[in-house]
Amino acid sequence: MSNNDFFSKENQVLGHPAGLFVLFFTEMWERFSFYGMRALLVLFLVSALGIGGWDWPRENALALYGTYLALLYLTPIIGGQLADRYLGYRKAIIIGALIMTLGHASMAIETHKFFLYLGLFLLVIGTGFFKPNMTSFISILYKDHPEKKDGAYTIFYMGVNAGAFLGIMLCGYLGEIVGWSWGFGLAGIFMLLGLLQFWLAHHIFGDVGLAPKAKAEGIVQTSMKEESDSKIYNSDEEKPNPFTTLDIIIMVLVGLGGLTWVINDPLSKIANINLLKFGETDFSSATISISLILFIFLLISRVLRFSKVTRDRMFAVMMIASLIIFFWASFEQAGGSMSIFAKDYTSRILSGNYAVIFGIVDVIITVVPVAIITYVLYLLFRKTYQNYLASNLVLGFSFIIIWALIFWKIYANFNTYSYEVTYPAYTISTPDAQGEMQSSTHAINASTTPPEGAEIVEGKAVIRALEDFKNGDVLHMIDLDKRGNNFKMIDSSSSSQIKESIQASVVAKKDNELEIPATWFLILNSLFIIALAPLFSKWWESKFNPSLAGKYAIGLFFLGIGFAFLAFGAKDIPQGAKTASVSLVWLVAAYFFHTMGELCVQPVGLSYVSKLVPARMTAFMFGVWYLALAIGNKTSGVLGQQIDTITENYNISTFFLIFTVIPFIIGVIALLLGGKLKRLMHGVK
């Protein structure tokens with residue numbers, strides 16, 4: 001199929017080629033899988049053994065989370081190169097999707113650590129093949145129609161956010177309410193369906209995205225490119241700048257040092273294996289410091305070899321990348337410390353009218369977006385069912401599953417009841433920090449022996465369940481916070497294998513109540529992006545469009561304001577508290593402002609890299625950009641690990657206050673750098 005046939009009116013859906021929507025749905029299911037798994041990972045690791053979690057310390061879970069995110073931004077540098085030189089975008093996408101499917105399948109077997117680590121490893125490798133080549137595919141697809149490219153990327157970005165929205169909502173709900181394996185498994189199922197629908201319809205792209213031509217043809221193309229390049233290099237701004245032997249040695253040392261440090265962080269905490277400790281000396285800090293110094297030297301030494309205008313523009317890219325590190329170090333608390341805050345410190349139980357209102361709102365924000373996407377699927381089916389029936393059937397089957405899960409979720413939300421139960425317990429008095437005697441109640445389970453002097457009593461609790469119990473029925477539960485404040489029912493068939501299992505009796509059935517899953521709050525980011533993106537687009541097109549530095553500063557200020565809401569909402573939580581029950585309003589406000597910050601920062605960066613960097617250095621500087629994202633994401637995990645230390649020594653409000661202050665400081669720095677950035681860009685807008 002020629003490019004003209006591809007863009008013919010009979011092949012179009014909503015003014016774009018039908019093939020764009022094949023990419024739309026492929027990306028949507030990949031983001032469904034990624035964000036669905038991401039929403040569950042930290043919560044699964046820190047949840048109690050009695051509800052299927054691993055009961056890890058928060059520090060260990062956030063160390064693994066940060067390393068995982070960092071590696072996700074490093075492998076695309078290699079995957080993009082392999083696709084450009086050997087595989088082609090199409091084959092790279094299929095390979096990546098297949099490897100990620102195996103990764104999600106491995107994570108569904110979460111009862112053994114080996115399979116979780118194997119799953120994360122496969123997801124990192126698969127993302128390296130998949131992530132850079134989807135966006136490149138669209139760029140090549142529209143190379144002869146640049147006037148349609150902005151619209152194409154807008155539609156594609158909708159697919160990204162639709163997938164994130166559905167993945168967090170459904171995988172998160174299944175993982176928390178039904179079982180972790182169900183959530184991880186669902187992510188794998190939709191990754192497989194995304195792979196199948198792309199593979200069955202990939203001929204719709206004609207010759208676009210295939211592997212490079214035969215070697216002989218490649219030689220001809222290379223010589224033509226070199227001739228073209230020589231003309232370009234007559235410009236003083238883009239002279240050839242080959243890597244020297246020293247450059248290559250430094251890159252290898254930086255890569256080995258940085259990768260070792262990133263992997264060593266969780267390894268030293270989880271397995272007590274420190275790759276950077278020799279004797280009594282820990283070289284972790286020295287390793288990452290030397291790696292950063294060498295990398296900065298490499299960047300500066302290469303940039304200085306260019307002419308002044310090009311050199312200045314590349315320095316501008318380096319300044320932008322430095323700012324983005326601080327943004328993502330704070331923003332990515334969403335899947336780490338903010339998820340922990342939602343799980344342990346936020347009041348997520350609604351009853352009466354509040355439960356009904358939330359249920360209705362949740363139905364609307366769930367059903368309307370899926371209905372719109374289903375309509376897009378219908379339009380695609382009308383255009384392509386004759387030639388690509390199998391692919392359309394896979395997509396149709398995918399949406400049957402989605403709608404079935406949505407209806408089940410709605411039913412469960414409106415049919416969850418609360419039960420007042422009694423359980424065996426004991427009370428004991430102990431002195432507090434001031435020496436005054438305080439009485440506390442503790443549940444008695446299979447492994448509990450009440451201490452001497454304790455009084456045996458009947459404890460009371462409220463349990464929420466979808467099952468229909470009657471007075472006198474027996475159920476099993478565990479005490480999540482070990483303080484008699486937070487109980488959760490467990491499967492009676494496995495209760496004998498769980499030492500913390502507490503046998504309770506139903507006393508009374510109460511009104512229906514609704515428990516908001518901790519992962520639900522993560523969908524707010526995608527929801528707010530879909531709602532706010534058109535407004536921000538209008539802002540950028542108006543006469544009030546801020547400068548590059550202005551956008552970054554505004555984004556960082558919004559980010560800081562979001563954390564200020566969390567810090568204020570948590571101000572009454574006492575020092576050292578592991579649980580609390582503050583209003584969910586603070587989390588909603590935080591995600592609202594964080595999303596506005598993201599809209600100011602995320603769409604801008606890559607655009608400026610492509611505008612400012614000469615062709616000879618594009619791949620290298622995009623690698624630098626992804627490296628900055630990797631550093632930011634790893635830093636988010638490193639900073640998030642301090643949540644327990646800061647909470648114990650100060651309080652959790654202080655923890656979020658740190659993330660309030662840092663973005664504001666960096667935002668002010670961005671404003672101060674505005675004039676310098678403008679001069680360095682030499683007219684690029």
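Predicted model: local features only at pLDDT ≥ 70, side-chain atom pairs only at ≥ 80, totals over all residues.

1. K269 and D265 are four residues apart in helix α10 (residues 245–270), so about one helical turn separates them. The two form a salt bridge, with the closest N and O atoms 2.5 Å apart.

2. D265, by contrast, counts as buried because its relative accessibility is 9%, and the cut-off for buried is under 20%.

3. A further salt bridge joins the side chains of D362 and K409, at 2.4 Å from N to O. This pair links distant parts of the chain: D362 belongs to helix α14 (residues 352–384) and K409 to helix α15 (residues 389–414), and the two are 47 residues apart. D362 is buried, with a relative accessible area of 3%. K409 is buried as well, with a relative accessible area of 5%.

4. Some salt bridges share partners, and in this way R58, K343, D344 and D644 are joined into one network.

5. The side chains of E332 and R38 also meet in a salt bridge, at 3.0 Å from N to O. E332 lies in the loop between α12 (308–331) and α13 (337–344), whereas R38 lies in helix α2 (residues 18–46), so the pair ties together parts that are 294 residues apart in sequence. Both E332 and R38 are buried.

6. A separate point concerns I643, which is placed in helix α20 (residues 643–649). I643 counts as buried because its relative accessibility is 0%. Which residues does I643 contact, leaving aside its neighbours within four places in sequence? With those neighbours set aside, I643 is in contact with R58, L62, S337, I340, I652 and F655. One of these, R58, is also a member of the salt-bridge network described in point 4.

7. The position of I643 relative to E59 may also be checked in the model. These residues are 584 residues apart along the chain, and a distance of 7.7 Å separates their C-alpha atoms.

Technical notes. Residues numbered from 1 in each chain as written. Heavy atoms only, no water. Buried < 20%, exposed > 50% of the residue type's maximum accessible area, 1.4 Å probe, protein only. Contact = heavy atoms within 4.5 Å. Salt bridge = Lys/Arg side-chain N within 4 Å of Asp/Glu carboxyl O.
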